[in-house]
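Please keep the sequence and the structure in view while reading.

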Amino acid sequence: MTAGRPRRSAIVWQMTFDARVLLARRLRFLPDRPFAIAKHALFQGELTTLRNPVTWSQLLAAKNLREQDPVVHQTSDKYAVREYVAEKVGEDYLIPLYQVVDNAADLDFDAIPGPCVIKGTHGCDMTVLVPDLAAADRAAIRETVRRWLGTDFYKAAWRETPYRGLKPRAVVEQFIGTPTGDAPTDYKFFMFGGVPGMVVVDQDRFTGHTSTMLTPEWRQYDISGRFAFAEKPPVQPANYAEMLDVAKALSAEFAFARIDLYNVDGKIYFGEITHNPGGGLVRLQPREFDRALGDMWRHGTPVPERFVAKN
């Protein structure tokens with residue numbers, strides 16, 4: 001293995017994403033660094049010690065092996081982060097909060113005033129949309145939340161250190177999606193020391209998920225990730241400049257952070273701050289783009305124009 005520039009693994013993996021996930025889970029018996037190296041090889045297609053990271057994916061993996069600053073833990077907690085957001089940009093950007101519980105039995109459905117979203121605060125992929133309380137299966141929701149609260153997400157998933165030691169809780173927030181129960185469009189700002197490098201627009205997340213990758217100036221990148229781009233380019237929100245200002249303010253003290261925002265009928269809402277997007281499993285193509293994001297992280301170098309799609 002190399003300590004600097006990675007070499008391509010001699011093994012060419014002809015596996016689906018889900019098959020790689022299953023194999024990576026079987027490797028969780030490994031100590032932290034060997035596990036991180038093996039996971040990186042599986043999903044990024046390169047073998048490296050992660051001791052001298054240069055690409056974005058390497059920098060994420062290497063950062064994840066280090067102790068995290070307390071503010072990283074705070075901003076990874078989907079309840080504790082609310083205080084951080086209020087301090088940096090104001091409470092007006094927060095989605096209204098109905099309840100926070102550390103026991104599923106304490107969920108009080110009768111006290112929830114309307115459509116809501118229930119989220120685990122201590123990890124990822126812990127979300128239940130409840131656009132119609134009257135039709136909701138309350139017992140099933142309680143069981144789901146009970147399972148979340150009994151899960152140490154750091155140990156159960158990919159050993160993402162921002163989540164290590166977080167108190168398991170669930171929050172109930174106002175549902176800000178469409179009247180038909182669809183989730184709102186998610187705008188993900190990839191920020192490097194408060195400077196945007198990429199904006200990813202996720203649409204139809206729970207149905208026909210698309211993920212369109214754009215420059216901060218709202219031009220499509222000629223790259224690819226795990227999900228397809230939308231057939232039609234997303235429309236830039238009228239108050240996009242304000243969204244950028246919010247993302248800059250929330251990310252200024254981090255070398256890298258992804259700031260997720262919503263924009264519903266012209267009102268901007270905070271979604272979450274993510275320090276290790278996708279758990280390090282998402283492989284961006286071409287690989288030179290991964291290096292370009294790494295250069296922005298390390299040196300503040302803007303992403304070259306050659307990665308922008310030609311109209």
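## Burial and the cysteines

Buried means under 20% relative accessible area, exposed means over 50%, and partly exposed lies in between. The model is predicted. C124 has 24% relative accessibility, so C124 counts as partly exposed. C116 has 0% relative accessibility and therefore counts as buried. The structure holds zero disulfides.

An α-helix has 3.6 residues a turn, so residues three or four places apart point the same way.

Helix 3 covers residues 56-64. How many of its nine residues are buried? The count is nine of nine, and helix 3 is described as mostly covered. The buried set is W56, S57, Q58, L59, L60, A61, A62, K63 and N64. These residues pack against helix 2 (32-44), strand 2 (46-47), strand 7 and helix 9 (287-299).

T49 is found in the loop between strand 2 and helix 3. Its relative accessibility is 13%, so T49 counts as buried. T49 and A86 are 37 residues apart in sequence. In space, their C-alpha atoms are 39 Å apart.

## Salt bridges across the chain

Side chains of opposite charge can pair when their charged atoms come close. A search of the whole structure finds 19 salt bridges. One of them joins the side chains of R169 and D77, at 3.0 Å from N to O. This pair links distant parts of the chain, 92 residues apart. R169 is in the loop between helix 7 (153-156) and strand 6, while D77 is in the loop between helix 4 and helix 5. Buried or exposed? R169 has 16% relative accessibility and so counts as buried. D77, at 4% relative accessibility, also counts as buried.

E253 forms a salt bridge with K88, and the closest N and O atoms are 3.3 Å apart. This pair also links distant parts of the chain, 165 residues apart. E253 lies in the loop between helix 8 and strand 10 (257-264), and K88 belongs to helix 5. E253 is partly exposed, with a relative accessible area of 44%. K88 is partly exposed too, with a relative accessible area of 34%.

## A charged network

K188 and D260 meet through their side chains in a salt bridge of 3.1 Å, N to O. K188 sits in strand 7 (residues 186-192) and D260 in strand 10, 72 residues apart. The pair thus links distant parts of the chain. K188 and D260 are both buried.

Which residues are linked in a network of salt bridges? They are D186, K188, D202, R258 and D260.

V264 is found in strand 10. V264 touches I176, P184 and Y269, not counting residues up to four places away in sequence. V264 and I176 are 88 residues apart along the chain, yet their C-alpha atoms are separated by 7.2 Å.

## Cavities

How many cavities of 30 Å³ or more does the structure hold? There are five. The largest cavity has a volume of about 50 Å³.

The lining of the largest cavity consists of K78, V81, R82, L94, I95, K119, E173, F270 and G271. Helix 5 and strand 11 each supply at least two residues of this lining.

Terms used: Residues numbered from 1 in each chain as written. Predicted model: local features only at pLDDT ≥ 70, side-chain atom pairs only at ≥ 80, totals over all residues. Heavy atoms only, no water. Disulfide = S-S within 2.5 Å. Buried < 20%, exposed > 50% of the residue type's maximum accessible area, 1.4 Å probe, protein only. Salt bridge = Lys/Arg side-chain N within 4 Å of Asp/Glu carboxyl O. Helix = DSSP H or I, 4+ residues; strand = E, 2+ residues; numbered from the N terminus. 1 Å grid on protein atoms, 1.4 Å probe; cavity = no way out; pocket = protein on both sides within 12 Å on 5 of 7 lines; lining within 4 Å. Points joined across faces, edges and corners; volume = space filled by probe spheres on them. Contact = heavy atoms within 4.5 Å.
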